[in-house]
Amino acid sequence: MRTQPGANGTAVTEFILLGLVETPGLRPVVFVLFLFAYLVTVGGNLSILAAILVEPKLHTPMYFFLGNLSVLDIGCITVTVPSMLGRLLSHKRTVPYAACLSQLFFFHLLVGVDCFLLTAMAYDRFLAICRPLTYSTRMSQTVQRILVAVSWACAFSNALTHTVAISTLNFCGPNVINHFYCDLPQLFQLSCSSTQLNKLLLFGVGFMMAGTPLALVVTSYIHVAVAVLRIRSVEGRKKAFSTCGSHLTVVAIFYGSGIFNYMRLGSAKLSDKDKAVGIFNTVANPMLNPIIYSLRNPDVQGALWWVIKGRWSLA
């Protein structure tokens with residue numbers, strides 16, 4: 001920390017991230033596990049992207065959004081895990097104040113886009129099942145691009161709002177973060193100025209950024225469920241539900257971990273449970289998404305097999 005001229009205290013210029021474990025003997029194990037998770041996540045999502053590109057059957061709006069989701073998953077885990085691995089190797093746990101805020105900004109940017117893309121995918125399923133006759137016009141390439149562009153614009157506004165708001169807080173010590181990356185709940189705990197407005201902002205903007213998309217997802221799938229139950233063929237019902245099962249699983253995991261993480265800001269002390277939720281948000285979710293979509297979809301499985309065969313033949 002350093003003394004600010006004209007200030008009544010000190011200003012934090014860097015934070016200390018305790019990471020996941022403080023026992024030196026466990027650090028190599030954590031390093032190997034998270035390096036493996038990072039490589040699996042990047043490899044899995046790149047494989048999904050390659051499968052979507054090489055398989056004509058996957059050149060549909062749903063898989064256009066899934067390809068964008070894979071890019072976001074790679075970005076989300078890259079924002080947090082490589083820096084943590086670097087600190088494990090160097091045994092240096094400090095992170096500059098500016099770098100901490102930058103990490104917070106990009107994390108919320110990518111997660112925000114993820115949130116809106118999941119909503120766009122639910123809307124796509126609604127149109128495909130409930131409005132099949134007008135699907136091609138209502139979900140044209142122009143509409144797809146507009147939905148993605150709006151997702152990025154809204155998420156950028158959200159991330160910038162929280163980053164600017166947190167930069168107005170005073171941090172005069174302590175500067176120890178009991179986590180492995182910088183996020184709002186941990187920074188709120190360290191601020192020596194009032195965070196009441198920041199928390200109200202988080203809940204208010206969070207309601208618009210997460211509550212509204214979640215409500216749209218639920219509404220879409222209520223209509224989808226009603227439409228599917230009207231299908232007389234059992235095989236037809238099964239096929240319709242199978243196209244939605246993967247997406248619903250991802251939505252449940254994404255929103256479940258997010259709500260647990262950010263709705264506990266009133267707790268007096270952040271515990272190791274928050275680290276577990278952080279692992280779920282930044283590592284498990286991006287790693288599970290390609291597995292969930294590939295396991296439940298024969299078209300993706302077939303395309304992945306062709307990608308793997310092509311790599312082997314090139315080798």
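Mentor: Here's a walk through the cysteines, starting with the bonded ones. Bear in mind that this is a predicted model, where local features need pLDDT of at least 70, side-chain atom pairs count only at pLDDT 80 or more, and totals for chains, interfaces and linings use all residues. Residues are numbered from 1 along each chain as its sequence is written, and side-chain values use heavy atoms, with hydrogens and water left out.

If we call a disulfide a pair of cysteine sulfur atoms within 2.5 Å, the count is two. One joins Cys-100 to Cys-182, S to S 2.0 Å. The torsion about that S-S bond is about -120 degrees, so this disulfide is left-handed. It links distant parts of the chain, 82 residues apart: Cys-100 is in helix H3 (97-130), Cys-182 in the loop between strand E5 (176-177) and helix H6 (184-190). Helices (H or I, at least four residues) and strands (E, at least two) are DSSP runs, numbered from the N terminus. Cys-100 is buried at 0% relative accessible area, and Cys-182 is buried at 1%; buried means under 20%, exposed over 50%, partly exposed in between (1.4 Å probe, protein chains only).

Cys-172 and Cys-192 make a disulfide too, with their sulfurs 2.1 Å apart. Cys-172 lies in the loop between helix H5 (141-167) and E5, and Cys-192 in the loop between H6 and helix H7 (196-229), so the pair ties together parts 20 residues apart in sequence. Cys-172 is partly exposed at 29%, as is Cys-192 at 39%. Number the bonded cysteines in sequence order and the pairing reads 1-3, 2-4.

Cys-130, meanwhile, is in no disulfide: the nearest cysteine sulfur, that of Cys-244, is 8.8 Å away. Cys-130 counts as buried, at 17%.
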